[in-house]
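Biologist: I am new to this structure and would like to go through a few of its features. Could we begin with the aromatic side chains?

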Amino acid sequence: MTFSAINGILVGAMLGGIALGLSIIFGVLRIVNFAHGSFLMLAMYTAYWMQQKAGWGPYWSIVIAAPLMFFLGYLVQAVIIAPLIRREKALVVEPISALLLTAGVYIVIDNLALMAFGPNVRSITPLVGSTTVMLGDFPINVFRLIAAIVALGLAGALSAWLACSEMGRSIRATAQNRDAAAMSGIDVGFIYNVTFGLGCALVGVMGCLVASFIPITPSVGLSFGIKSFIVVVLGGIGSIAGSLVGGIVIGLFESVASQFVATPTAAIFSLGLFILILLVRPQGLMGRK
């Protein structure tokens, strides 16, 4: 049971880190980025091919994957989503319209990846001698531990950047009241582009980290995208700390529950827990009314 709890916390922190990008996009643009998992998948393939072609480990690949995902995210927002926003006079996108649009982006990216890389499962060869470390009496996957630690570091760094930098304050102002932000001289369209790119860059970092221990296929991102949405809503929309808390709650519950029922059943039970929590706190665990 203790091992399951430790493993659940690590998996939950990892899920929270993956959901960070979706949380900031959701909080600022009010858009559900259904293609979130697709950017994770692209980052995982970037790490894989950097190892195959250049011999880089997945962590070194972050210096390529993060800027690349930022550029792709910025491009998707500026070229595909921004016209939809401009058609809305008050710069507010209807959730269904935006969801369908990003779902189309997900379908295009995943099918292009399938055409380019094929359906074969790929994996990254570990560049270290041992893949486990002992935490007391319990063996812990070192790659999962690193992913959890980096997720916590990303959350802290993102919070500090949003609080202290000029761009971060502009993003927060736009999230709170985009009309007032525009009247104060903030280029809301540019903030949207940067925020979407930043969200994709964050998931790009996590994609390189999880590629070390998760098999890579063109469809690997879908399940992570759905779980990220659950984590964001559970933790509280737009809350960075809420993403981590929501991820840990889901990871811990599924890991412990899987000791008593089959893993797919535990995942179903976690959805029940998600619904139950939202019935009690519709704004999420860390969200504001």
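Biologist: Is Phe 190 buried, partly exposed or exposed?
Modeller: This is a predicted model. In the model, Phe 190 has a relative accessible area of 36%, so Phe 190 is partly exposed.

Biologist: And Tyr 74, buried or partly exposed?
Modeller: Tyr 74 counts as partly exposed, because its relative accessibility is 27%. The ring of Tyr 74 pairs with that of Phe 190, with the centres 6.5 Å apart.

Biologist: Why is that pair edge-to-face?
Modeller: The planes stand at 70 degrees, and an angle over 60 counts as edge-to-face. The pair joins distant parts of the chain, as Tyr 74 belongs to helix α3 and Phe 190 to helix α8, 116 residues apart.

Biologist: How many aromatic pairs are there?
Modeller: The count is 7 aromatic pairs. One of them is Phe 26 with Phe 229, a stacked pair at 6.3 Å centre to centre and 25 degrees between the planes. Phe 26 is in helix α1 and Phe 229 in helix α9, 203 residues apart. Phe 26 counts as buried at 11% relative accessibility, whereas Phe 229, at 31%, counts as partly exposed.

Biologist: Changing topic, which residues lie nearest the centre of the second largest pocket?
Modeller: They are Val 11, Met 14, Arg 144, Lys 227 and Glu 254, out of 20 lining residues. The pocket holds about 360 Å³ of space.

Biologist: Which element gives the most to that lining?
Modeller: Helix α1 does, with 7 residues. The lining divides into 8 nonpolar, 9 polar and 3 charged residues.

Key
Residues numbered from 1 in each chain as written. Predicted model: local features only at pLDDT ≥ 70, side-chain atom pairs only at ≥ 80, totals over all residues. Heavy atoms only, no water. 1 Å grid on protein atoms, 1.4 Å probe; cavity = no way out; pocket = protein on both sides within 12 Å on 5 of 7 lines; lining within 4 Å. Points joined across faces, edges and corners; volume = space filled by probe spheres on them. Helix = DSSP H or I, 4+ residues; strand = E, 2+ residues; numbered from the N terminus. Nonpolar A, V, L, I, M, F, W, Y, C, P; charged D, E, K, R; others polar. Phe/Tyr/Trp six-rings, centres within 6.5 Å; stacked < 30°, edge-to-face > 60°. Buried < 20%, exposed > 50% of the residue type's maximum accessible area, 1.4 Å probe, protein only.
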